[in-house]
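User: Could you walk me through this model? I'd like to start with how the chains meet and then look at some details.

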Amino acid sequence: MANSHTGTAMVKEDSLILMKNIWKTYQMGVEELHALRDVSFHVEKGDYLAIIGPSGSGKSTLMNLIGCLDSPTKGTYLINGHLVSEMTDDELARIRNKEIGFVFQTFNLLSRATALHNVELPLIYAGIRAGERHERAKAALDAVELGDRTLHRPNELSGGQRQRVAIARALINNPSILLADEPTGALDSKTSVEIMALFEKLHADGNTIIVVTHEHEVAERAHRIITIRDGQIENDERIK
Amino acid sequence: MNFSETLKLAISSITAHKLRSFLTLLGMIIGMTAFMLILSLLLGFNGYVNEKVAGIGSNAFTVQRFNFDDFKDSDTIAAAQRRNKELSFDELDFIKRGAQMIEHIGARSGGVGRSIRVGNNSIQNVRISGVEPVIATIDKIEIEQGRFFSDTENNTAARVAFVGADIAKNLFPQGGALGSELKISGIPYRIIGIQVAKGTVFGQPQDNFIQLPIKTFGANFGGLRWNRAPNFAVTAKEGVKMEDAVDEVRTLLRIKRKLGPDEKDNFGIITPDAISGMIGSMTAVFSIVLLLVPGIALVVGAIVIMNIMLVAVTERTKEIGIRKSLGARQADILRQFLFESGLLSAIGGFIGLFIAYTAGYIITLYVFPTSIPWYAAVLAIGVSGGVGILAGLFPAWKAAALDPIEALRAD
């Protein structure tokens with residue numbers, strides 16, 4: 001790890017996301033499977049990045065690492081100055097809570113809970129009091145135009161509405177990054193357009209957004225596209 | 001995640017599956033009901049024994065020929081019969097003169113059983129004994145009608161009798177027992193007092209007795225010897241501990257009987273504590289066995305809870321993944337499931353306690369005194385909650401240890 005720093009001399013140390021020589025290796029019996037091989041890149045605050053690649057390319061593994069759901073086998077990962085690659089499970093949970101806002105393909109809302117409660121969840125784990133939580137969650141739902149649906153449960157909402165609840169939840173704790181995994185994968189094309197428009201608005205408001213997708217139409221909305229293939233960065237280009 | 005949030009979450013999880021929660025709790029409820037019911041019966045029984053048989057709360061103790069230990073087996077009985085002499089009035093006087101710590105001391109003879117007949121009415125198995133007048137004070141005898149006999153009546157061996165309520169009621173159904181005569185073995189006695197009815201203890205009637213002045217009894221029933229030999233009832237002075245009074249009486253009697261320092265007592269002193277201790281040691285094994293059975297039911301209840309919590313963890317793998325992705329730490333997930341199983345089980349314990357309490361109340365009304373002390377109730381809730389937490393430990397640990405990526409992938 002130490003001898004390969006020269007190859008990433010262009011990386012700025014104060015980047016929001018900083019990955020240096022990241023390896024992720026799975027042990028499959030006697031064989032080693034390298035899901036990521038020596039991946040290095042950085043993301044500045046306020047960027048809108050798409051990570052694209054076919055299935056099996058390693059993009060899901062990369063997303064899990066960016067989202068602090070997993071730790072790299074080798075390499076250095078800094079997010080907002082925190083050295084994530086060396087963290088314990090509980091420290092990672094704290095980073096997920098404070099720094100990452102997840103948006104999943106299948107929304108991942110708690111089906112028994114109301115929209116309001118779903119949005120409140122990250123604040124509960126952040127230790128925010130109930131009164132403040134309710135207010136902030138209501139405001140977040142207002143911001144995604146669901147102010148009149150706060151007490152609905154996920155099964156009483158349309159797909160697009162569910163994804164907007166998930167986006168409100170992702171943004172509630174003012175994370176450093178909004179990390180979306182195939183955010184339109186479960187939506188029809190009309191709703192997809194709406195959600196992508198919402199992402200653009202959020203980007204315009206100053207949020208840093210990373211979208212992981214295999215759809216080119218979704219990726220082309222971003223300002224920068226990283227293409228992953230066989231566990232390596234094949235292409236990294238700024239398009240806007 | 002704080003206490004009230006975790007509690008709210010546990011409540012909502014339990015109420016989300018009401019039927020399942022109830023069925024899960026059934027084992028706990030049955031176990032706790034049985035446990036508390038048996039406990040309350042045992043405690044009620046002990047209270048009953050202490051009050052009625054051992055006379056706990058009374059500060060009287062008894063000096064008698066034999067000790068409890070003498071009845072261990074036939075050899076010890078035979079040895080005690082050779083060694084231990086009957087108590088005498090000389091010894092009573094010696095103790096009375098020498099003792100500083102005792103309030104009252106009085107002699108009471110062993111009794112004889114007789115059938116008594118007055119006109120067409122008769123009563124079987126009447127216990128007839130002789131007592132000194134002071135026994136009325138020592139026993140705190142309650143008088144319904146008339147009076148107890150006096151020292152003069154005792155000293156002159158007057159033919160007077162103090163009788164239990166059944167004697168008055170059965171032999172004189174039309175009333176008028178007080179002042180009437182009744183004949184025992186052909187000798188007439190005048191009834192001068194009737195005791196307040198006491199009912200029964202373990203089915204033994206407490207009201208079919210006749211007490212005569214001890215001198216009268218000795219003169220008319222063949223002397224105060226053998227099974228009619230006297231024993232002494234003693235009360236300690238106010239402010240004196242019973243064991244100090246017992247020690248004093250023992251020392252005096254040993255002096256009077258000229259026992260050397262190495263010799264064993266050749267008499268027995270029986271305190272209420274000793275009686276309840278003896279009964280307690282007899283019932284202890286019995287109690288443990290009785291409590292073991294519902295104890296097993298509680299264990300089974302705990303296993304049911306563990307099982308359903310394992311199901312809950314599997315069912316909610318996705319939820320656990322979501323919560324972890326949003327920043328829940330392992331401790332948060334662990335606490336969530338421990339709270340749920342603890343609360344679930346405590347609810348079962350509470351319901352069981354409530355049923356046991358209700359059943360105990362009904363039993364007390366109609367059958368037998370029972371009691372559930374407050375500490376047992378608190379313990380029941382505590383134990384059931386604790387058992388639930390224990391049962392939830394493994395499932396909760398499984399939940400907390402889930403890999404967030406794997407968990408999110410679950411359906």
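Predicted model: local features only at pLDDT ≥ 70, side-chain atom pairs only at ≥ 80, totals over all residues.

User: Okay, how many residues of chain A and chain B are in contact?

Analyst: On the chain A side there are 21 residues in contact, and they meet 23 residues of chain B.

User: And what area is buried between them?

Analyst: The area buried between chain A and chain B comes to about 2000 Å², and carbon and sulfur atoms give 57% of it. In chain A, the residues that lose the most area to chain B are Leu69(A), Arg112(A) and Tyr125(A), which together make up 34% of what that side buries.

User: How many salt bridges does the rule find across that interface?

Analyst: The rule finds two salt bridges between chain A and chain B. There is a salt bridge between the side chains of Arg133(A) and Glu5(B), with a distance of 2.7 Å from N to O.

User: Switching to chain B, what domains is it divided into?

Analyst: Chain B has domain 1, made of 3-52 + 282-409, and domain 2, which covers 111-228. The centres of these two domains of chain B, taken over C-alpha atoms, are separated by 57 Å.

User: Which strands does strand 1 of chain B pair with?

Analyst: Strand 1 (residues 60-64) pairs with strand 12 (residues 230-236) in the antiparallel sense over four bridges, and Phe61(B) has Val234(B) as its bridge partner in strand 12. Strand 1 also runs antiparallel to strand 13 (residues 268-270), to which three bridges join it, and here the bridge partner of Gln64(B) is Gly268(B).

User: One last thing, where is Val387(B) found, and what is it in contact with?

Analyst: Val387(B) lies in helix 13 (residues 374-400) of chain B. Leaving aside neighbours within four places in sequence, Val387(B) is in contact with Met28(B), Leu298(B), Ala302(B) and Ser345(B). For Phe354(B), which is 33 residues apart from Val387(B) along the chain, the C-alpha separation from Val387(B) is 18 Å.

Key:
Residues numbered from 1 in each chain as written. Chains lettered and ligands numbered in written order. Heavy atoms only, no water. Contact = heavy atoms within 4.5 Å. Buried area = accessible area lost by both parts, 1.4 Å probe. Salt bridge = Lys/Arg side-chain N within 4 Å of Asp/Glu carboxyl O. Domains from an automatic or database assignment. Pairing = 2+ DSSP bridges. Helix = DSSP H or I, 4+ residues; strand = E, 2+ residues; numbered from the N terminus.
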